[in-house]
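Subject: Structure handover

Hello,

Here is the structure you will be working with. Please open it beside this message.

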Amino acid sequence: MSWSLRPKFVSTYEKLFQSSPFQLKALDQDEFWAEIFSLDVDAHWLSEKLHHLSQEDCLGRCKGLLNMLCRRCLAHLSSTPFNHPVKANALETLVLFVRCMLSKQLSGWEIMDVFAGGVVESDPLFSTFTKTINDIMGDEDAPVEYRHRALQLALVFMCGVNQLSPGAYLLRRDLYPSVASIILSPKTRQFTFEATLLLSLLSNFHKSDGAKTNPYLNRIKQSTDNVLMETISWVAMYAAQKAAANYQEIMDDSPPTLATSFGSFVAALRPDRALSATPVDPPRELFKNQPIEAAIVLLPVYDLLHYNSVFRDIFRRSLAPPVDSAATVRSETSYSHALLSLSSYLLTHASSTSSPRALAYAHLALTTLLVVVGDDVIMSALCQPPPPGYPEVRLCRQRAPYLPFSSSPRPQMCALLDCCVLWLRHNLHKRLEVLSYSTCTRILYRVVGHLAATGLRLHYHWEELWRSLFLVLDFAANQIGTLKSVAKVDELVQDIICLLDFATRFAERFLPTSQSLHQFVYELVRSAPVLAKQSDLLKGLKLPTSRRTSFSPRGATELANLEQIIAYYQQKLPEETTQTAKAVLSVLGQIIDQEGIHGTQDLPLEELPLRYSDDIVDYSFVRWACIDGLALMGE
C-alpha cells in the first residue's frame with residue numbers, strides 16, 4: 001500500500017468542501033480561520049479547486065462555504081496587523097477567490113449571492129471590501145507588497161464585474177486619494193500603470209448613463225496635480241512604445257538604410273526571386289494576438305486628454321522638443337510620437353483578422369486622435385516643422401500599399417494624416433466599420449478646417465489621402481447590396497462627399513504647392529465615375545431625416561458642386577490629351593494656374609467643422625479593457 005501525505009492547507013480545504021451546512025456552521029469560528037490563514041497559500045491548488053466549481057456548485061451546495069470564505073478573508077484582512085502572516089494569506093486567498101468567482105459569467109445578483117449570501121447581506125460585505133482596499137492602498141506606512149496586492153485586488157474585482165451592478169460599490173467610497181498616493185509615492189511609483197488603469201475603469205463604469213455623477217470622472221476632470229499627470233504621461237508613453245514594438249518584432253518594417261536597400265536589391269536578383277510578384281501582405285495569423293495588453297493604456301490616455309486640462313498641457317508641451325545646452329534637439333520620443341506610432345499599427349491591422357478586440361482598439365485610437373485634433377493649440381503645434389535632428393514618427397509599413405517615405409523631416413500632423421490613410425485603405429470589408437470610418441472622416445474634416453482657417457500650408461503627400469477617400473466611396477458604391485443592412489452608411493458617404501467639397505473650396509488656402517493643387521483636381525477628374533455612382537448610392541441607402549445623426553446633413557448640394565467642377569475641366573480637356581495621365585495633368589495645371597480652381601467659394605468661418613463631441617464615443621471598449629486588465633494581472 002502506498003501512502004501520500006497531503007499538505008495541511010490542501011487537506012483542510014478538502015474537508016471544508018466536503019462539509020455539510022451544519023458542519024460549516026460549527027467551523028465558523030475565529031480561531032479555526034486564523035489557523036487556516038496562518039498556513040502558506042497553495043495558490044495553484046486553490047485556484048484549480050475554485051475554477052472547477054460550476055455555477056450550480058457556487059449557487060448551490062458550495063454557496064455557504066464561499067460566503068464564509070469571503071467574509072472571513074475580509075475580517076482577518078481588516079483586523080490583523082501587517083507583520084502577521086495571517087493578513088498576507090487572507091489577502092492572497094481573497095484575490096484568488098475574486099478572480100475565480102468572477103470568471104464564471106455570473107450575473108450581478110449572482111455575484112452578490114456567491115460573495116455575500118444575498119442582496120441584503122451584500123451591502124455590509126462590499127462596504128467592508130471597499131473600505132479594506134482603500135485603507136491598505138492609502139496607508140503609506142504599509143509594506144509595499146500589501147499596497148500593491150490591494151491595488152491588484154481592486155483591479156481584478158473591477159475587471160471581473162465589468163459593468164455589472166456590484167462594481168457600483170467601489171463608487172460609493174472615494175478611492176481616488178489612495179490610488180493617487182500609489183502613483184505619487186516613490187516606493188510604489190512602479191505600479192503607476194496598474195493604478196492608472198484602475199482609475200480609468202472606475203471612471204468608465206456606466207459612463208454613458210452617469211457621466212455627471214461618476215465621482216472618479218469628476219476627480220479626473222478636477223485634478224490639478226502636475227506631478228501625478230507627468231508620472232501617468234511617462235508610463236503611458238512607455239506602454240504605448242512597448243505595444244508598438246511588439247508589432248515591429250513580429251515583422252521588421254524599419255525605415256530602409258543604404259545597407260538594407262542594397263541587400264534587398266541583391267536579394268531581388270536571386271533566381272528564385274526573379275519572377276516574384278509585388279510584395280504581398282504578411283499572413284494574418286502573425287498578428288492575430290495583437291495588440292498586446294499594454295495597449296490598454298489608450299483608455300486612460302483618451303480619458304485624460306479629453307477631460308483633464310493638466311494632462312493636455314503636458315501633451316502640448318511635449319510637442320515642443322527639449323533642447324540641451326548645445327542648442328541641439330535631444331532625440332527623445334514625445335508622447336505624441338508614441339501615440340501616433342501605436343495608432344498606425346492598430347489602424348493598419350484592425351480588420352486583418354476580423355477580431356472584434358482589434359477593431360475596438362482601432363476605434364479607440366481614432367477617437368483619441370479626434371480629441372487631439374479638437375484642441376487648437378495641439379493642432380498648431382502638430383503642424384510646425386520639426387527642428388533638425390528631431391526623430392521621425394515610426395509608422396506602420398507592414399501591409400501593401402505602403403506609405404511613402406519622406407526624404408526630409410515632416411510635421412507630426414503628417415503622421416496623423418498617415419494614420420487616417422492607413423485606416424481608410426486597409427479596413428474595407430463587407431461588414432464595414434461605419435462608426436470608425438465616420439470618426440476618421442471627422443478627424444480629416446477638422447484638420448483640413450484648421451489648415452484652411454489658419455492659412456497653414458502643410459507639405460504632405462495629399463494625393464494618398466484623396467485616393468483613399470475615393471477608394472472608400474467606390475467600395476460603398478460597389479457593395480451597395482451588402483451595405484444596405486449596415487446602419488448609417490449613407491451618412492458616411494454623405495460626410496466624405498462634404499469633406500471633399502470642403503477641401504475643394506479651400507484647396508488654395510492649405511495645399512502647399514501648385515503641383516499639389518493640380519494633383520488634387522486631377523484626382524477629382526479621374527474619379528468622376530466614382531462620384532457619378534454616389535447619387536444612386538445615396539438614394540438606395542436613404543434614411544429618414546429623423547434618424548440622421550451626422551455632423552453634416554448635407555450631401556446633395558456638395559455632390560452637385562463637385563460634379564459641376566469636374567464637368568468644367570472635362571470640357572476643357574482636348575480628346576487627344578485624355579490618353580495619358582501626364583498629358584491630363586499638364587493641361588489641368590495650365591488651366592488652374594490661370595484661373596484657380598473653378599467655382600470654389602470660401603465657407604464663412606462659423607461654418608467650419610465643429611470640435612469634438614461625445615456622441616460618437618463607443619463605450620463598449622470597456623469590456624475589452626476589463627478582459628485585457630485581467631490578462632495583465634495573470635493567473
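Below are notes on a pair of packed helices and on one alanine.

This is a predicted model, in which local features need pLDDT of at least 70, side-chain atom pairs count only at pLDDT 80 or more, and totals for chains, interfaces and linings use all residues. Residues are numbered from 1 along each chain as its sequence is written, and side-chain values use heavy atoms, with hydrogens and water left out.

Helices here are DSSP runs (H or I, at least four residues), numbered from the N terminus. Helix α28 (residues 514–526) packs with helix α31 (residues 581–595) at an angle of about 120°, and their axes are 9 Å apart. Those axes are lines fitted to C-alpha atoms over the stretch in contact, with angles running from 0 to 180 degrees between N-to-C directions.

Contact means heavy atoms within 4.5 Å. On the α28 side, the residues that meet α31 include Leu517, Val521 and Val525; on the α31 side, Val584, Leu588 and Ile592 are among them.

Buried means under 20% relative accessible area, with a 1.4 Å probe and protein chains only. In α31 the buried residues are Val584, Val587, Leu588, Gly589, Ile591 and Ile592, and they pack against α28 and α30 (556–572). Just after α31, glycine 596 has a positive phi of about 80°.

Alanine 528 belongs to helix α29 (residues 528–540). Alanine 528 counts as buried because its relative accessibility is 15%. Beyond its neighbours within four places in sequence, alanine 528 touches Ile566 and Gln570. Its C-alpha lies 8.7 Å from that of alanine 567, 39 residues apart along the chain.

Regards

Key:
Helices (H or I, at least four residues) and strands (E, at least two) are DSSP runs, numbered from the N terminus. Buried means under 20% relative accessible area, exposed over 50%, partly exposed in between (1.4 Å probe, protein chains only).
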